[in-house]
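Okay, thanks for coming, everyone.

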Amino acid sequence: MLKHLMRLGMVLVAGPLTSVASAQSTPLPPANQGAFQGGTTGTKTDAGVNNVLPPALQTSGGSFNIPTNSKPSPMFGAQSFVQQMLLFEEFGPEPLNPNGPAPSRSFPAPSAGSLPEQTPGTTAGSAPAGAALEAFLAQQGVAPYPTEYANTADLNPWKSQIESFLGRPLVNPPAEGRPAGSGWSHQRWNEFYPTVYFKTAQAGARVNGGFRDSHQMHKYQVGEFGPGGLYHNTAGIPATDGTTKGIAVRIHPSMPVQEHKSVWTFDGTVPPKLLMARYGQPVLMRHYNALPIDPSANRGFGLHTISTHEHNGHNPAESDGFTNAFFFPGQYYDYRWPMQLAGYDTINTSAAEAKAAFPAAPGEAIYVNDATPGQKTTTGSSIKIRGDWRETMSTHWFHDHMLDFTAQNVYKGNAAMMNYYSALDRGNEAIDDGVNLRLPSGTALPWGNRDYDINLLVADKAWDKDGQLWFNIFNTDGFLGDHLLTNWLYNPYFNVRARRYRFRILNGSVSRYLTLALVRQIQGNGGELQGPSGSGISYSRVPFHMVGNDGNLMEHTVPFDGIVDVAGDGKPQDRKGVLPEQGIAERYDIIVDFAKNGIKVGDKLYFVNILEHQDGKKPNRVVPLGDVLAEKYKPVLHTTNGVPDSWVGGDPAVGKFMELRVQAYAGNDKSMDPADYVNGKKTMIPLKFDRDSASAKAMLANARHHTFEFGRSDGTDEAPWTIKSDGGTGMNMDPRRTSAASELSTESTAAGYSGAGTLEIWKISNPSGGWAHPVHVHFEEGIILTRGGKTPPLWEKWARKDVYRVGPSADATSTVEMAIHFREFAGTYMEHCHNTQHEDHSMLLRWDISHPGQLQLMPAPLPTWEGVQFVDTTALPTMRTGDGFGPKP
Amino acid sequence: MHDRKRNPFTKALVAAFITLGVLGMGSTPAKAGTTVWGADYFPKVTLIDQDGKPQRFFEDLIQDKVVAVNFIFTSCKDVCPLETARLREVQEILGDRLGKDIFFLSISIDPQRDTPEVLKAYAKRYQAGPGWTFLTGKMEDITQLRYKLGLLSLDSDPANLKGHSMSLIIGNQSSGQWMKRSPYENAHVLATQMGSWLSSWKLPSKPGLEYANAPKVRNLSLGENLFRTRCGACHTLGEEGGGAIAKQAIAPDLLNVTRTRDKVWLARWLTEPDKMLAERDPQALALQARYNNLVMPNLSLGQEDTHAVMAFLEEESQRVEQQRGQTAKVALVPCH
């Protein structure tokens, strides 16, 4: 009874519907000058002292508080669709060879230098010289060599610089930031020994030196990346033919280069980075921290300690990026990702299934723990591996997960994408071996072609009067930027061939949801939607198929063609050429055919965002696409005394943000036709059970059930709980508290064991009307059983998800119930809202998987410069005696 | 085998280092750099402290300091007393650093009622020590501060006391690092965050417990979770000495409370203490009087939560008793 009252209370308190309504009813001031797309805009003198508006101004006159609590980002005269889009740059792992020569250069320490890549007059507030870091990363080999247990014997190579800054000596500051001891040693190290590795450093922005050119699988030699190919030139300027050398971190050519304190990316460079990894081949990332020793050298946001989370990899906890297992400047952390199919211990343990396989070139070999464990060599197109092929994943990303600073650090550039390649989804559209699904990709390489397989990182950003990236760390409800960047660029164009393409679209924002539409521009008014009056142009929506949701290929493709009722709401026309709402961290893989639907060579197409936000709590509404294209909905700059001070008339991140230019295609498109895989036709990767079948119902009836209820992002007197679990407590993030401890049903076994693993049902709910939460559960993807009590829409019905949108927005409901399966690895994982501002503000809870019959929960680490410790407190019930697990004296 | 032992050689090295002095390294400890979150970000407002003295928010209260800032009102009967209680715990862990390089600021959002005198009495009830300032001032100034610190939404009503965010902001003004934390946080973690992270690790870490020797943790029950994140800010459960003494001055020890109190009464006291006080329940009033009129907060516990907490209190009391019994037995037969 009390519980019900409380929930009711939360709904009443949390719903800001009244305030939204009143904001809308306020008359808009006259839109005077300025243009939405990079027209009349600010100069250096436009913005105030620090780009922050007083509260009184923030709410005045129907303006949009975007960027959150700030003034509009000055454009420096930047025009739309004049710069070529950057494609992701591959890390390019190398074989890990214990007998190889050790590299000669050690991790370069920071030194004083000139802006933008260093800072004069300080070591601690500066960065390693760009050339030195480049040379260090470029050399082959790795030293010290990776170890099962954290390397606490070698010292942090930046020891003396750190001591100077701290003003005190450090006692054995370890080289590796991973906690010492067996609890954080690499689980099943020998079994999943990394045979390939790569080095990268989280570093301040610097000019790309091009050392990864030779690490690209295509080597700028073959396919569209080869000479004469569409993507041979990386940035569209003469100097970048077949190389990324010379590319600076710059949002637009008209804008200033980002300083090393403003943007912190993998390698410190753009293009953004991509890991191409294969099932069956464990990979190790040696992640160096090359960020400033002085925590204040951050232009106001971002923390120099980091913890890297491979979003939803089937990874053991020590390599999952636990929020409190962070590491310091000068240190590295070895993340080892086994790259095994879930079900490894229990399903297909003799590796007999052709669909569970490592995609390879003839002659390549890997170690397989099958019925006769040993090294296997490729004869055909792949090598069979253990596990459940229906758990095959495709499009991931990894990013920082630092306690309390995730939003700032990810926003600042700590985000990379990761494509998983399998025999099913191998990145070669020609190989016809009966397993390969032949998604659009290319044919030059046996796997991993990216000619027609494009990663897109879409995220909103803001910048200050100097053009440097800006973030307000004191926001209440979430942070919104005023421009959508694609692969770190403002409104780029991108050349495409007249053929099928796959786009892997990631929403990498902090608090912004997206609804993306694809339209073709038509000369004259013959299109279905009209352009601005008098412009003489119109637009038609372009149909496409969704093939992957949250990085997992679906059972069936889902056509957004205006014919199939994908949402089940009787309004299929509304969905033509328009993706469903996409929450933060969600990935949608789509296939677009630029040779169909009337598209001709020379045509221009646009990606358009039509989801409006007014604050970071939730999206406000889907703006009619026609209004956006006709510029009836047009955010404009409001100025006071000639100085832009706010956006009025709309959310400035609504509108066109990327142009696609269709070029002739002379080749032969051998990729799959997504129309052959719609419901009722062929299947891609079937779900492991049919939610409506009697057998599934019987199985689910026996699964343990957990309920997690998400409320507002801060506790208040009236609504003190932000996350409630199992109908009881609301729990905030104390990294040392466990909320759901699931026990693995089976311990790791020799090949041959069969069993079901631990299947549970989790209900994620958000009854408060005022907040939208994209909830992310680490480690495993789930199958949505019901959304809002009903069968989910097609794009979720055929999907395996790792982000669950709950709340008041258009394509969400207040509850989701899903089935989730725990196998293979144990340890400490997390579940949280992926509006990273909400997460940082305590919508994060920890859960653990323990080994059967054995307690494997570890007290959470407390890292320091001098190694990782833990505190012995009342919250950590070590005072108990008699259970055999007390502290050692 | 895999953990690093701190050997005598290292100790000698450290001693030598200290003797030589840091300056011997040819560089001075870095002064924190400039931050964008400086005087022009924070509102130029002056508040009044519990002694009636004016305090400029930026210059007098946060400039070049590590601070925890929260917003309270002394008449709160819901969860917010927990904020103050949690800070009191952190105060104890930080010891004499509070007032030296770390400061707490508790600012009233009900300045009409919370005069300096009222705040002073409130501070005394919670045994707030030096370095912890309670502040009042003009409502509009305080509202502006709440906006700027990200603790008040633009669409929230500043006068709705019950809707106020319970989060606290901890930060280091000179390094520009600011974090929003929850009062449910473990006090030791909060103290570490303020004392080490935000203090730019300037002080040597205390000889810490080696992670390699960290014990395995057993699963916490729902009730234990609740007790440790909520009740434990004020109450002890059979602990003795040290911090327990200070806690027992503000709230009763709960050992065997499920046996010494009527269970129906106790369950209601856990779920709606404010109502029982309003109804002038004699036991409730007696408790309040005994503990300096410190209010037992209404934590909005659900029925399941209450049962879980009571079950834990019962279980833990038995365990503590049993352990005491064993210790006693051992003490009786020392030669055995």
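Quick definition before we start: when I say domain, the bounds come from an automatic or database domain assignment. For chain A that assignment gives domain 1, at 42–79 + 456–677, and domain 2, at 694–860.

Some housekeeping. Residues are numbered from 1 along each chain as its sequence is written, while chains are lettered from A and ligands numbered from 1 in the order in which they are written. And this is a predicted model, where local features need pLDDT of at least 70, side-chain atom pairs count only at pLDDT 80 or more, and totals for chains, interfaces and linings use all residues.

So, how many residues of domain 1 of chain A are in contact with domain 2 of chain A? We get 29 residues of domain 1 against 29 residues of domain 2. Contact here means that the C-beta atoms of two residues, placed from the backbone, lie within 7 Å. On the domain 1 side, the elements giving two or more residues are β25 (544–549), β26 (552–560) and β30 (619–622) of chain A. Those labels are DSSP runs numbered from the N terminus: helices are H or I with at least four residues, strands are E with at least two. The largest share of that side is from β26(A), with five residues. By type, the domain 1 side divides into 13 nonpolar, nine polar and seven charged residues. For the classes, Ala, Val, Leu, Ile, Met, Phe, Trp, Tyr, Cys and Pro count as nonpolar, Asp, Glu, Lys and Arg as charged, and the others, Gly among them, as polar.

Staying in chain A, there's an open sheet of three strands in the order β1-β32-β31, with antiparallel pairing. Pairing means DSSP finds at least two bridges between two strands. β1 (63–64) and β31 (636–640) are the edge strands, each pairing on one side only. Between β1(A) and β32(A), residues 643–648, there are two bridges; Ser63(A), for instance, has Val648(A) as its bridge partner in β32(A).

Most residues other than glycine have a negative phi, and most peptide bonds are trans. In the loop between β1 and β2 (89–90) of chain A sits Pro67(A), joined to Ile66(A) by a cis peptide bond with omega of about -5 degrees. That loop also holds Asn69(A), not a glycine, yet with a positive phi of about 55 degrees. Another cis bond runs from Val270(A) to Pro271(A), omega near 0 degrees.

Over to chain B. Its domain assignment gives domain 1 (46–197) and domain 2 (222–330), with C-alpha centres 26 Å apart. Here 13 residues of domain 1 of chain B touch 17 of domain 2 of chain B, and α3(B) gives the most to the domain 1 side, six residues. That side divides into six nonpolar, one polar and six charged.

Residues making the contact include Arg86(B) and Glu89(B) of α3(B), and His188(B) and Gly195(B) of α6(B).

That's my tour, thanks.
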